[in-house]
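I opened this entry to keep a record of what I looked up, beginning with the overall fold and ending with single residues.

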Amino acid sequence: MHFSPTCLMKYEQRAGWLASKDVCMGEGADLVKIVSSDMNAFVHAAAVAVVVVVLVVVVVVVVVVVVVVVVVAVVVVVIVVVVVVVVVVVVVVVVVVVVIVVVVVVVVVVVVVVAPVVVVVVVVVVVVVVVVVVVVVVVGLVAAVALLLVNFYNYMQKIDN
(Lines give C-alpha, C1' and ligand atoms only; values in the text may rest on other atoms or scores of the structure.)
Protein backbone atom coordinates (compact mmCIF):
# COMPACT_ATOMS: atom_id res chain seq x y z
CA MET A 1 0.00 0.00 0.00
CA HIS A 2 1.07 3.57 -0.60
CA PHE A 3 0.12 6.36 1.81
CA SER A 4 0.82 10.02 1.22
CA PRO A 5 -1.05 12.28 3.61
CA THR A 6 -0.01 15.91 3.55
CA CYS A 7 -0.92 16.69 7.16
CA LEU A 8 -1.97 14.64 10.17
CA MET A 9 -3.19 16.22 13.40
CA LYS A 10 -3.97 14.57 16.68
CA TYR A 11 -6.54 16.05 19.03
CA GLU A 12 -6.50 15.04 22.69
CA GLN A 13 -10.15 15.95 23.26
CA ARG A 14 -12.46 13.03 22.56
CA ALA A 15 -15.36 13.73 20.23
CA GLY A 16 -17.79 11.86 18.06
CA TRP A 17 -17.42 11.39 14.34
CA LEU A 18 -19.50 14.47 13.36
CA ALA A 19 -17.80 16.79 15.89
CA SER A 20 -14.38 15.51 14.76
CA LYS A 21 -15.29 16.05 11.11
CA ASP A 22 -16.40 19.62 11.93
CA VAL A 23 -13.03 20.31 13.62
CA CYS A 24 -11.16 18.93 10.62
CA MET A 25 -13.28 20.87 8.13
CA GLY A 26 -12.64 24.02 10.19
CA GLU A 27 -8.94 23.39 9.63
CA GLY A 28 -9.49 22.89 5.91
CA ALA A 29 -8.97 19.14 6.20
CA ASP A 30 -10.97 15.94 6.51
CA LEU A 31 -10.97 12.89 8.73
CA VAL A 32 -8.56 10.02 8.13
CA LYS A 33 -9.55 6.47 8.81
CA ILE A 34 -6.72 4.09 9.65
CA VAL A 35 -7.77 0.88 7.94
CA SER A 36 -4.72 -1.38 8.30
CA SER A 37 -1.67 -2.08 10.39
CA ASP A 38 0.48 -0.83 7.48
CA MET A 39 -1.28 2.53 7.52
CA ASN A 40 -1.00 2.66 11.31
CA ALA A 41 2.77 1.96 11.04
CA PHE A 42 3.07 4.69 8.39
CA VAL A 43 1.28 7.24 10.59
CA HIS A 44 3.36 6.21 13.60
CA ALA A 45 6.62 6.49 11.62
CA ALA A 46 5.61 9.93 10.35
CA ALA A 47 4.89 11.08 13.92
CA VAL A 48 8.24 9.73 15.14
CA ALA A 49 10.03 11.48 12.26
CA VAL A 50 8.42 14.78 13.20
CA VAL A 51 9.48 14.36 16.84
CA VAL A 52 13.05 13.53 15.78
CA VAL A 53 13.22 16.60 13.51
CA VAL A 54 11.92 18.84 16.31
CA LEU A 55 14.48 17.40 18.75
CA VAL A 56 17.32 17.91 16.27
CA VAL A 57 16.25 21.53 15.70
CA VAL A 58 16.10 22.13 19.48
CA VAL A 59 19.58 20.63 19.97
CA VAL A 60 21.02 22.73 17.13
CA VAL A 61 19.46 25.90 18.55
CA VAL A 62 20.83 25.13 22.03
CA VAL A 63 24.32 24.48 20.64
CA VAL A 64 24.26 27.71 18.62
CA VAL A 65 23.12 29.69 21.68
CA VAL A 66 25.88 28.16 23.83
CA VAL A 67 28.52 28.92 21.19
CA VAL A 68 27.30 32.51 20.84
CA VAL A 69 27.33 32.99 24.63
CA VAL A 70 30.88 31.60 24.89
CA VAL A 71 32.12 33.78 22.01
CA VAL A 72 30.51 36.89 23.52
CA ALA A 73 32.04 36.07 26.93
CA VAL A 74 35.50 35.63 25.38
CA VAL A 75 35.16 38.91 23.46
CA VAL A 76 34.11 40.73 26.64
CA VAL A 77 37.05 39.29 28.58
CA VAL A 78 39.47 40.25 25.81
CA ILE A 79 38.07 43.79 25.73
CA VAL A 80 38.39 44.09 29.52
CA VAL A 81 41.99 42.84 29.43
CA VAL A 82 42.89 45.27 26.63
CA VAL A 83 41.28 48.19 28.51
CA VAL A 84 43.16 47.27 31.70
CA VAL A 85 46.46 47.07 29.82
CA VAL A 86 45.85 50.42 28.10
CA VAL A 87 44.93 52.10 31.41
CA VAL A 88 48.04 50.70 33.10
CA VAL A 89 50.28 51.85 30.27
CA VAL A 90 48.72 55.34 30.24
CA VAL A 91 49.14 55.67 34.02
CA VAL A 92 52.76 54.56 33.83
CA VAL A 93 53.50 57.00 30.99
CA VAL A 94 51.85 59.89 32.87
CA VAL A 95 53.78 59.07 36.07
CA VAL A 96 57.08 58.88 34.18
CA VAL A 97 56.44 62.18 32.38
CA VAL A 98 55.47 63.94 35.62
CA VAL A 99 58.56 62.62 37.42
CA ILE A 100 60.83 63.68 34.56
CA VAL A 101 59.29 67.17 34.45
CA VAL A 102 59.66 67.57 38.24
CA VAL A 103 63.25 66.39 38.14
CA VAL A 104 64.12 68.73 35.27
CA VAL A 105 62.48 71.69 37.04
CA VAL A 106 64.33 70.91 40.29
CA VAL A 107 67.66 70.57 38.49
CA VAL A 108 67.14 73.84 36.58
CA VAL A 109 66.13 75.71 39.75
CA VAL A 110 69.08 74.31 41.67
CA VAL A 111 71.57 75.04 38.89
CA VAL A 112 70.24 78.55 38.18
CA VAL A 113 69.38 79.74 41.68
CA VAL A 114 71.61 77.80 44.03
CA ALA A 115 74.78 76.59 42.39
CA PRO A 116 76.83 75.12 45.19
CA VAL A 117 78.38 71.81 44.28
CA VAL A 118 76.92 70.03 47.31
CA VAL A 119 73.38 70.96 46.36
CA VAL A 120 73.95 69.81 42.79
CA VAL A 121 75.30 66.46 44.04
CA VAL A 122 72.29 66.02 46.34
CA VAL A 123 69.93 66.87 43.49
CA VAL A 124 71.66 64.39 41.19
CA VAL A 125 71.40 61.68 43.86
CA VAL A 126 67.71 62.46 44.36
CA VAL A 127 67.16 62.38 40.60
CA VAL A 128 68.90 59.01 40.33
CA VAL A 129 66.82 57.61 43.21
CA VAL A 130 63.60 58.92 41.66
CA VAL A 131 64.49 57.46 38.29
CA VAL A 132 65.30 54.10 39.89
CA VAL A 133 61.97 54.11 41.75
CA VAL A 134 60.10 54.98 38.56
CA VAL A 135 61.88 52.20 36.66
CA VAL A 136 61.04 49.68 39.44
CA VAL A 137 57.37 50.77 39.38
CA VAL A 138 57.21 50.51 35.58
CA VAL A 139 58.86 47.07 35.62
CA GLY A 140 56.42 45.94 38.34
CA LEU A 141 53.41 47.17 36.34
CA VAL A 142 54.66 45.53 33.16
CA ALA A 143 55.22 42.28 35.08
CA ALA A 144 51.70 42.50 36.54
CA VAL A 145 50.19 43.05 33.09
CA ALA A 146 52.26 40.17 31.67
CA LEU A 147 51.06 37.90 34.48
CA LEU A 148 47.47 38.95 33.81
CA LEU A 149 47.85 38.14 30.12
CA VAL A 150 49.45 34.74 30.86
CA ASN A 151 46.63 33.86 33.25
CA PHE A 152 44.07 34.95 30.67
CA TYR A 153 45.79 32.84 28.00
CA ASN A 154 45.80 29.79 30.30
CA TYR A 155 42.12 30.34 31.10
CA MET A 156 41.25 30.51 27.39
CA GLN A 157 43.19 27.27 26.79
CA LYS A 158 41.09 25.54 29.46
CA ILE A 159 37.88 26.76 27.78
CA ASP A 160 39.04 25.45 24.39
CA ASN A 161 39.80 22.03 25.85
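**Basis.** I am working from a predicted model, in which local features need pLDDT of at least 70 and side-chain atom pairs count only at pLDDT 80 or more, while totals for chains, interfaces and linings use all residues. Residues are numbered from 1 along each chain as its sequence is written, and side-chain values use heavy atoms, with hydrogens and water left out.

**Fold.** I looked first at secondary structure, taken as DSSP runs numbered from the N terminus (helices are H or I, at least four residues; strands are E, at least two). The protein chain has 3 helices and 0 strands, and its pattern along the sequence reads α-α-α.

**Burial and contacts.** I then checked how much of the chain is covered, where buried means under 20% relative accessible area, exposed over 50%, and partly exposed in between (1.4 Å probe, protein chains only). Of the 161 residues, 9% count as buried. The accessible surface, from the Shrake-Rupley method with a 1.4 Å probe, comes to about 12500 Å², and 80% of that belongs to carbon and sulfur atoms. Counting contacts as heavy atoms within 4.5 Å, I noted that 59% of those between residues at least 6 apart in sequence join residues at least 24 apart.

**Record.** The unreviewed UniProt entry lists residues 41-71, 78-111 and 117-150 under "transmembrane region"; such annotations may be inferred rather than shown by experiment. In the model, residues 41-71 are 100% helix and 0% strand, and the end C-alpha atoms of this span lie 45 Å apart.

**Surface patch.** Which helix gives the most to the nonpolar patch? I found that helix α2 (residues 37-113) does, with 10 residues. The patch has about 840 Å² of accessible area together, and its members include V48, V84 and L148. V48 lies in helix α2 and is partly exposed, at a relative accessible area of 39%.

**Helix α1.** Last, I looked at V23, which is found in helix α1 (residues 17-26) and counts as partly exposed at 38% relative accessibility. The C-alpha atoms of V23 and Y11 are separated by 9.5 Å, with the two residues 12 apart along the chain.

Terms used. Patches are made of residues with over 30% relative accessible area and no salt bridge: like charges are joined within 9 Å, nonpolar side chains (Val, Leu, Ile, Met, Phe, Trp, Tyr) within 5 Å. A salt bridge is a side-chain nitrogen of Lys or Arg within 4 Å of a carboxyl oxygen of Asp or Glu.
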